[in-house]
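Q: Please take a close look at one part of this structure and describe its setting with care. Then place that part in the context of the whole, giving the cut-offs behind each term as you go.

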Amino acid sequence: MTRDQIQALLDEQTAAYRALQDSGLKLDLTRGKPSPAQLDLSNELLTLPGDDYTDAQGTDTRNYGGLNGLLELREIFAPIMQVPVEQVVAGDNASLAMMHDNLVFALFHGVPGSEQPWGVEESVKFVCPVPGYDRHFALLEEYGIEMVPVALNEDGPDMDAVREAVKDPAVKGMWLVPTYGNPTGAVVSEAVAAELAALDTAAPDFRIFWDNAYAVHHLTEEQTKTADILGLCVASGHPDRAVIFASTSKITFAGAGVSFMGSSADNIRWYLSHLGKRTIGPDKVNQLRHARYLGSTAGVHALMDRHREILAPKFEAVVRILRERLGEYGVASWTEPKGGYFVSLDVVDGTASRVIELTREAGVAMTPAGAAFPYGDDPRDRNIRIAPSYPSPEELTIAIDVLATSVLIAAAEQALG
Ligand code: PMP
């Protein structure tokens, strides 16, 4: 475009922006929360388990104990996690808390195979595929674990960069969201998973924190299957390498669901031995009502189909508006995920912060620019995470329109210097 054409575009978009600003919007696209309609799907939980609070083993779920969680619920999720049921722990409402505990226990005690607690090492580092989940990075920052960013491709992390990073014995682990990653929707391929499992690492106690938060959260008919990381690790002689996490936060209630961890028998023993100091047992009443409500692994998939009916049109709307509004200008690219909770938008380098500022001033709160990068620092200041789940379809349409207008304004401003 010529300067004059860019100026004309800027004028036109600024006028549209002012009109949106004057309409007094108050919309929030910051976090991947389920919408009220999605939460309503599981309202039956609110009356369960009723008077029958004894599980299939005869346990009175109201009482203390049962550190590893109810068997009947672990049986439902073991196939989803691809871990033998004896090696699955069911916990309380946040898998993030399980990840936190794994890190803290490792820092204080080391993990099976450690020579000493991670915390007494001179430095501890984690490989962080980017863009990634901001709370993963915040956890590492909290405990002084240094982050080594590597690019996340469509089939998983850039393996050349990972191979290089793990030559450093201070690199003790890595994060990975294998299926429908937050925020790009990337799915780790079988080949990349196999390579990660077999990887020659300088640290003998290297761990992959395999956070399968979106294991069953499909947005299309295609039911992408997560690679069997535990099996691959066992097959390549690193049985303790993978620690798998999941939860029902985006299956039932985000604030009152159940979390899961699966790993080798040794890792599970290690985890429970430390967990047992922190708690006498999880909320088994919640676990029982989940087992009763979901019924079976097939029951989980059936519920996820109903979530998909609510979510898929929202994702389609986001992608359609971005295409219609931005497609012709070549100022942005975005993911079209087949599952998960986010669309990742890349705008013109150096303009993401400005875009977020513009949307905010028009009443649309977005996740801060850089949030998907360690220390909140997107070196290219170009990535924006869109969370379409919570707003109503009408609100979402307006919010994405504001976003697209802001992207065009920021790009035109930059082009004009
Ligand atoms: N992992 C990822 C990748 C997530 O996106 C989220 C939620 N945004 C979580 C974990 C949080 O899970 P939970 O609610 O089980 O703590």
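A: The shell around the ligand is made of Gly32, Ala94, Ser95, Leu96, Tyr133, Val177, Asn182, Asp211, Ala213, Ser247, Ser249 and Ser259, where a residue is near a molecule or strand if its C-beta atom, placed from the backbone, lies within 6 Å of it. This is a predicted model, in which local features need pLDDT of at least 70 and side-chain atom pairs count only at pLDDT 80 or more, while totals for chains, interfaces and linings use all residues. Residues are numbered from 1 along each chain as its sequence is written.

By residue class, the shell divides into 5 nonpolar, 6 polar and 1 charged; here Ala, Val, Leu, Ile, Met, Phe, Trp, Tyr, Cys and Pro count as nonpolar, Asp, Glu, Lys and Arg as charged, and the others, Gly among them, as polar. Asn182, one of the residues of this shell, is joined to Pro183 by a cis peptide bond whose omega is near 10°. Pro183 itself sits in the loop between β6 (171-176) and α7 (190-198), where helices (H or I, at least four residues) and strands (E, at least two) are DSSP runs numbered from the N terminus.

A cis peptide bond also joins Val130 and Pro131, with omega about -5°, and Pro131 belongs to the loop between β3 (125-130) and α5 (134-142). Strand β3 has 6 of its 6 residues buried, so it is largely enclosed by the rest of the structure; a residue is buried if 20 or more other C-beta atoms lie within 10 Å of its own, exposed if 12 or fewer, and partly exposed in between, with C-beta atoms placed from the backbone.

In general, the strands of a sheet pair through backbone hydrogen bonds, either parallel or antiparallel. Strand β3 runs parallel to β4 (residues 146-153), to which 6 bridges join it, and Cys128 stands opposite Pro149 in β4. Strand β3 also runs parallel to β6, here through 3 bridges, and the partner of Phe126 in β6 is Gly173. Two strands count as paired if DSSP finds at least two bridges between them. Together, β3, α5 and β4 make a right-handed β-α-β unit, a crossover being right-handed if, with the strands pointing away from the viewer, the path from the first strand over the helix to the second runs clockwise.

These pairings belong to an open sheet of 8 strands in the order β2-β9-β8-β7-β6-β3-β4-β5, with mixed pairing. Its edge strands are β2 (88-90) and β5 (156-157), each of which pairs on one side only. In the loop between α3 (71-81) and β2 lies Gln82, which counts as partly exposed because 18 other C-beta atoms lie within 10 Å. Leaving aside residues up to four places away in sequence, Gln82 touches Thr226, Asp228, Leu230 and Gly231, contact meaning that the C-beta atoms, placed from the backbone, lie within 7 Å. Gln82 and Gly262 are 180 residues apart in sequence, yet 8.5 Å apart in space, C-alpha to C-alpha.

Two residues elsewhere carry a positive phi without being glycine. Tyr375, with phi near 60°, lies in the loop between β12 (364-366) and β13 (383-386) and counts as exposed because it has 12 C-beta neighbours inside 10 Å. Asp381, whose phi is about 40°, is placed in the loop between β12 and β13 and is partly exposed, with 18 other C-beta atoms within 10 Å.

For the whole, the protein holds 13 helices and 13 strands. Its radius of gyration, 23 Å, is close to the 22 Å that the globule rule gives for 417 residues, so the protein is as compact as a globular protein of that length; the radius is taken over C-alpha atoms, and the rule is 2.2 Å times the number of residues to the power 0.38. The C-alpha trace spans about 75 × 55 × 35 Å along its principal axes, and 50% of the 417 residues count as buried. Of the contacts with a separation of 6 or more, 76% are between residues 24 or more positions apart.

Terms used
Contact = placed C-beta atoms within 7 Å.
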